[in-house]
Number of protein chains: 2
Amino acid sequence: MARFISQEKLDKLYDSLHTHNLDFLFLTDSEAHRDVNVKYLTGHPEDASLFVDIKNRQTILIPWDYQLARITSEADRIVNMADYQGLIAATIEVFSESSSSTPKVGIPRGIPYDSVHLITEKVPNTEIIYNPLIIDSLLADLRSTKSEHEITLMQKSVDISNQLVKEIEEIIITQSKIKTEMDLAIFVESRMRELGAFAVGFESLVASSARSWQIHTYPRADPKQSMYQKGLALIDFGVQAVDLTSDVTLPFIMGPMNDKMKTIVETVKSAHDNSIDAISESQYLHEVAEVAYNIIEKQGYQMPHSLGHGIGLTVHDAPLLRKEPTHESMLKYWTPTPIEEGMIVTIEPGIYEKDVGGFRLENDVLITRNGPKVLTNAEPIFIDLN
Amino acid sequence: MARFISQEKLDKLYDSLHTHNLDFLFLTDSEAHRDVNVKYLTGHPEDASLFVDIKNRQTILIPWDYQLARITSEADRIVNMADYQGLIAATIEVFSESSSSTPKVGIPRGIPYDSVHLITEKVPNTEIIYNPLIIDSLLADLRSTKSEHEITLMQKSVDISNQLVKEIEEIIITQSKIKTEMDLAIFVESRMRELGAFAVGFESLVASSARSWQIHTYPRADPKQSMYQKGLALIDFGVQAVDLTSDVTLPFIMGPMNDKMKTIVETVKSAHDNSIDAISESQYLHEVAEVAYNIIEKQGYQMPHSLGHGIGLTVHDAPLLRKEPTHESMLKYWTPTPIEEGMIVTIEPGIYEKDVGGFRLENDVLITRNGPKVLTNAEPIFIDLN
């Protein structure tokens with residue numbers, strides 16, 4: 001495996017952190033705390049600490065499994081912990097090669113407290129730099145646009161997703177094979193692996209009409225929940241073909257529709273289509289989001305989540321598609337995110353009403369030089385239960 | 001849902017933290033950082049902060065989804081964040097009710113750095129107490145023995161596991177239904193949910209004989225990997241029927257066996273059986289572990305992992321079944337763990353040799369008043385490929 005970050009972006013990472021006077025960036029990935037940036041910067045799948053040596057412009061990986069790292073990782077240096085008395089000794093050695101007598105070590109905001117504590121207590125003369133607005137923003141920003149390699153990998157996830165959409169539609173329309181929420185989840189998760197996916201991108205959400213007004217509905221609550229009840233139902237699933245994950249929501253209209261259902265379905269569909277169209281004309285992502293919010297709010301509804309988000313090595317990458325904040329306390333930290341070539345984002349407007357049900361339509365969109373390219377083919381599926 | 005901790009243990013938690021002069025214990029669970037102790041102490045499934053108010057002996061939950069928490073949680077107090085300007089304001093309010101002017105707030109070692117930073121920067125007059133030997137050890141210790149409620153839930157996972165063991169055996173012996181590692185993973189993971197499991201306890205590990213010498217083998221590397229090659233193969237899976245997970249490894253001997261294979265199989269089987277028998281006679285868990293290590297090392301092999309571990313709300317609970325450490329630096333922090341009624345541990349000796357393959361047999365054992373009760377029924381499965 002190779003690292004996911006491009007050389008150009010890696011240079012940008014070194015340059016930017018150098019500007020902020022950092023000597024090292026310290027990342028760690030373990031069973032207790034996954035940080036996909038280790039994989040992003042080195043290609044190593046999991047369980048390792050990583051020092052980005054900013055002055056010497058090199059990545060130094062300290063993996064749990066040294067043999068595996070030698071095959072999978074593209075770090076400039078791989079430290080064999082067996083050569084040292086644990087991580088601390090290895091870290092002291094790495095820091096001692098730095099030109100700074102008091103290395104400034106940047107950390108991401110979610111790093112486990114004990115990893116930081118280990119360094120401040122055991123590695124003499126280090127200064128911890130906690131600055132999410134620089135460090136976390138930079139990493140998120142780098143990952144928000146995808147390299148050609150990443151786009152190729154995403155296409156594999158998209159292809160399997162589209163095959164699944166087709167098969168789910170046939171199953172639902174013919175009311176065959178599956179009955180309960182759990183049946184549908186099992187079908188989708190096994191079938192994607194038969195089609196070549198390495199893993200599910202995330203645990204599928206399946207809601208029959210009785211529960212679809214909730215936003216996040218695991219198919220757990222009631223194994224007997226039937227999918228074929230009148231109202232609005234949905235499945236939200238992700239395919240991880242290799243390393244990148246898709247994210248698709250397929251809504252089912254179990255008709256006949258009453259007027260309230262009709263309004264919700266049409267409003268969401270309009271928000272979906274119009275916000276995708278707006279990508280071409282807008283300069284900034286919040287402008288795209290506002291197209292959807294305006295359509296939904298004009299009908300008297302609220303959307304209780306963002307219009308969408310980046311997808312990639314995780315199902316929740318940057319950027320977020322949100323409105324411009326109104327509170328001054330939020331505005332202070334907010335800068336508009338320009339739409340950029342290489343972003344892959346979900347567009348997933350939804351309305352959730354306790355007495356009608358929930359309806360969300362979600363597709364994945366790649367931003368190209370020529371505008372938005374809708375990668376997935378989710379459409380509302382209608383069946384008449386009368 | 002109800003909390004998992006018993007009242008007796010909750011009292012012990014308050015008493016013990018009070019002895020150490022803490023005012024609060026601060027835990028947090030989010031998508032970025034799962035801490036199952038929130039669920040253990042309140043029953044709330046996920047996404048919440050929790051303050052254990054030690055002086056007033058109450059649990060104060062600040063959930064992301066207030067409505068859900070009112071149904072699922074047994075916290076003494078549930079704070080509706082909508083009533084406050086965010087978590088900080090709610091925290092300041094909670095702390096202001098404390099009798100201490102400078103509340104001492106204990107944290108677990110793996111808590112995200114930003115959660116701690118938020119309190120030290122924004123909540124005036126607090127003191128953060130980082131002391132894994134007291135805080136983390138206490139929580140692990142409480143969770144290492146299971147209540148009757150937990151044992152009942154584990155039995156559900158065990159029942160499904162045992163049904164799966166039977167079905168896998170039949171599939172492998174008749175060489176029907178499944179061919180590749182991935183086929184077997186898909187079968188097990190879908191079938192457990194058909195049998196009533198809410199989720200997989202962890203991602204299944206499946207290794208055909210070519211790869212079984214590796215310890216952790218996801219069924220990803222090669223979708224074409226056939227299970228029916230001569231040598232040693234295995235599947236390691238967990239069933240989460242409700243909230244507690246089982247953990248079983250079923251080894252396959254794809255015969256005929258050569259002498260090296262025979263030695264490995266017999267040594268592991270002997271280590272497995274004798275260490276379970278030793279549970280009755282031993283006082284401490286490291287004595288049990290040493291029975292297995294001695295048998296394996298006597299044959300000239302090494303076991304590169306512990307003999308077993310606790311299972312429960314996570315697949316890796318306390319205690320660990322390890323030898324007494326030999327390094328003085330480790331011995332300093334080590335105290336022998338007595339065998340206690342209510343522990344549920346895996347017994348999973350294994351030997352991994354690159355030119356022969358890997359062989360691990362794993363069963364789950366409940367410690368009862370009358371000695372060990374083996375809950376699962378994994379046995380080596382032999383087929384002759386000649």
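Q: What does A:D114 form a salt bridge with?
A: A:D114 pairs with B:R109, and the closest N and O atoms are 2.8 Å apart. A salt bridge here is a side-chain nitrogen of Lys or Arg within 4 Å of a carboxyl oxygen of Asp or Glu. This is a predicted model, in which local features need pLDDT of at least 70 and side-chain atom pairs count only at pLDDT 80 or more, while totals for chains, interfaces and linings use all residues. Residues are numbered from 1 along each chain as its sequence is written, chains are lettered from A and ligands numbered from 1 in the order in which they are written, and side-chain values use heavy atoms, with hydrogens and water left out.

Q: How many salt bridges are there across the interface of chain B and chain A?
A: The rule finds four across that interface. Over all chains the count comes to 50.

Q: And how many residue pairs in polar contact between the two chains?
A: Nine residue pairs, both residues at pLDDT 80 or more. A polar contact is a pair of N or O atoms within 3.5 Å; within protein, one must be able to donate a hydrogen and the other to accept it, and residues adjacent in sequence count only if both atoms are side-chain atoms.

Q: Which elements give two or more residues to chain B's side?
A: They are α5 (113-122), β6 (127-130), α8 (181-194) and β7 (199-207) of chain B. α8(B) gives the most, with seven residues. Helices (H or I, at least four residues) and strands (E, at least two) are DSSP runs, numbered from the N terminus.

Q: What about the area they bury between them?
A: Chain B and chain A bury about 2700 Å², 56% of it on carbon and sulfur atoms. Buried area is the accessible area (1.4 Å probe) that two parts lose on being put together, summed over both. B:Y113, B:R193 and B:F198 supply 26% of what chain B buries against chain A, more than any other three residues.

Q: How many residues does the contact take from each chain?
A: It takes 30 residues from chain B and 30 residues from chain A, contact meaning heavy atoms within 4.5 Å.

Q: Switching to salt bridges inside a chain. What does B:K39 meet?
A: The side chain of B:K39 meets that of B:D243 in a salt bridge (2.7 Å, N to O). B:K39 lies in helix α2 (residues 37-42) of chain B and B:D243 in the loop between β8 (231-240) and β9 of chain B, so the pair ties together parts that are 204 residues apart in sequence.

Q: Are those two buried or exposed?
A: Both B:K39 and B:D243 are buried. Buried means under 20% relative accessible area, exposed over 50%, partly exposed in between (1.4 Å probe, protein chains only).

Q: And which residue does A:R3 meet in a salt bridge?
A: A:E74, at 3.8 Å, N to O. A:R3 sits in the segment before α1 (7-19) of chain A and A:E74 in the loop between α3 (66-72) and β4 of chain A, 71 residues apart. A:R3 is buried, with a relative accessible area of 16%, while A:E74 counts as partly exposed at 32%.

Q: Where is B:S157?
A: B:S157 is in helix α7 of chain B, buried with a relative accessible area of 0%. A polar atom of the B:S157 side chain lies 2.7 Å from the backbone oxygen of B:L244. Leaving aside neighbours within four places in sequence, B:S157 is in contact with residues including B:V239, B:V242 and B:S246.

Q: New topic: in what order do the strands of the six-stranded open sheet in chain A come?
A: The order is β4-β3-β2-β1-β5-β6 (chain A), with mixed pairing. Two strands pair if DSSP finds at least two bridges between them.

Q: Why is one side of β4 and of β6 left without a neighbour in the sheet?
A: β4 (77-78) and β6 (127-130) of chain A stand at the edges, each with a single partner strand, so one side of each has no neighbour in the sheet.

Q: How many bridges join β5 to β6 in chain A?
A: Four bridges join strand β5 (residues 104-107) to β6(A), and the two run parallel. The bridge partner of A:G106 in β6(A) is A:I129.
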